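Please keep the model open while you read this note. It goes point by point.

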Amino acid sequence: MDNFNFSKNRHPFIIGLSLASTWAWGVSVIVGMQVFQQKGFLAYFIWALANSIALLIFGFITKKVDNARFISDLLPKTFIPIYRILILFIQFFSILVNLTAINQGIGMLGLPDFLGIVFSIILFLIILTKGFKGSIVMGSLQFIFVIGIAILVILLGGEHHIITHSNTEDIHWAIWSSLILISGPIVDQQIWQRRISTGYSISPFILSSLIFAFYMCLIGLLAYFGKMHSILIGIIVIGVAGSTLVGALSAVGSYGKTIFQSRTWMVILFLMALMALVAKTNILNLWTFYGSIRVPFAIIAAFCIIIKTLKNN
């Protein structure tokens with residue numbers, strides 16, 4: 001059985017696909033379509049571009065980083081406790097946001113909410129037993145399935161949505177959102193797990209950005225063509241959220257020094273997220289809230305990594 005620590009030397013394409021799947025989040029479907037339809041094409045293009053290059057930027061920033069299981073391992077000692085708590089806080093919200101997205105997807109299918117909980121618990125139990133390897137396999141398979149369904153929706157066509165023009169406020173929102181997105185991987189333990197699994201190669205990050213750019217194109221086309229296919233789009237939301245949920249659960253497990261500790265961390269945060277799910281918070285508000293919090297911490301961490309890399313050279 002694979003544990004919750006890090007396995008190096010996996011094939012670059014597998015890690016690239018896994019990076020894209022764990023970076024996707026169910027929010028990318030819901031928010032992406034809303035941005036395209038409500039804020040206009042230009043705002044969507046800026047948002048989608050930042051989403052696509054965020055992993056590539058992270059890959060270059062951390063290209064020469066070695067022997068770090070967490071971002072906190074690369075920071076001054078004063079920062080370590082703060083960042084350990086911050087990263088765990090972010091993984092909690094990653095679990096919560098994607099549980100919320102799964103429930104929204106279930107609602108789009110016209111099914112009762114408890115089925116979303118059942119599906120999430122099944123994914124949780126798989127990662128609880130299969131660990132990091134399970135998160136790579138499950139996340140990648142769900143993401144491939146999602147891409148297939150998205151292509152099907154686009155081929156089926158439907159009532160076209162009118163493409164709106166982006167105003168100044170829309171552009172400002174997109175620029176701030178871009179900063180949130182580019183900051184994301186720096187303080188995301190899901191991405192760090194896969195960073196170590198690459199053997200510090202840049203190739204998986206190039207592949208992941210290309211895969212994600214293709215996915216962003218599909219989301220834009222879904223917003224344009226998918227007006228009559230809410231059930232299929234609901235399936236896409238569930239698949240994307242599920243692919244990120246397994247990555248988030250595995251990342252929480254990396255906090256444990258033993259398999260038992262890893263599973264304990266997973267159980268605690270998963271149960272906390274299930275309890276928080278009762279509040280039925282708006283998914284965009286959740287994303288904006290925790291995403292904005294991580295921006296200054298990500299900038300400080302990126303600066304520390306770059307300085308440390310330059311000193312080592």
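1. Ground rules. This is a predicted model, in which local features need pLDDT of at least 70, side-chain atom pairs count only at pLDDT 80 or more, and totals for chains, interfaces and linings use all residues. Residues are numbered from 1 along each chain as its sequence is written, and side-chain values use heavy atoms, with hydrogens and water left out.

2. Helix α2. Helices are DSSP runs of H or I, at least four residues, numbered from the N terminus. α2 spans residues 27-39. Its buried residues (under 20% relative accessible area, 1.4 Å probe, protein chains only) are V27, S28, V29, I30, V31, G32, M33, V35 and F36. G40 follows α2, with a positive phi near 95°.

3. The largest pocket. A pocket is an open set of points on a 1 Å grid over the protein atoms alone, where a 1.4 Å probe fits, with protein on both sides within 12 Å along at least five of seven lines. The largest one holds about 260 Å³ of space, a volume filled by probe spheres set on the points.

4. Its lining. Lining residues have an atom within 4 Å of a point. There are 15, and F45, A48, A213, M216 and C217 lie nearest the centre. α3 (41-61) and α8 (203-225) each supply at least two lining residues. By class, 12 are nonpolar, 3 polar and none charged. Nonpolar means Ala, Val, Leu, Ile, Met, Phe, Trp, Tyr, Cys and Pro; charged means Asp, Glu, Lys and Arg; the others, Gly among them, are polar.

5. L221. This residue is in helix α8. Leaving out residues up to four places away in sequence, L221 touches I154 and G226; contact means heavy atoms within 4.5 Å. The C-alpha atoms of L221 and A150 are 8.8 Å apart, across 71 residues of chain.

How values were computed: Buried means under 20% relative accessible area, exposed over 50%, partly exposed in between (1.4 Å probe, protein chains only).
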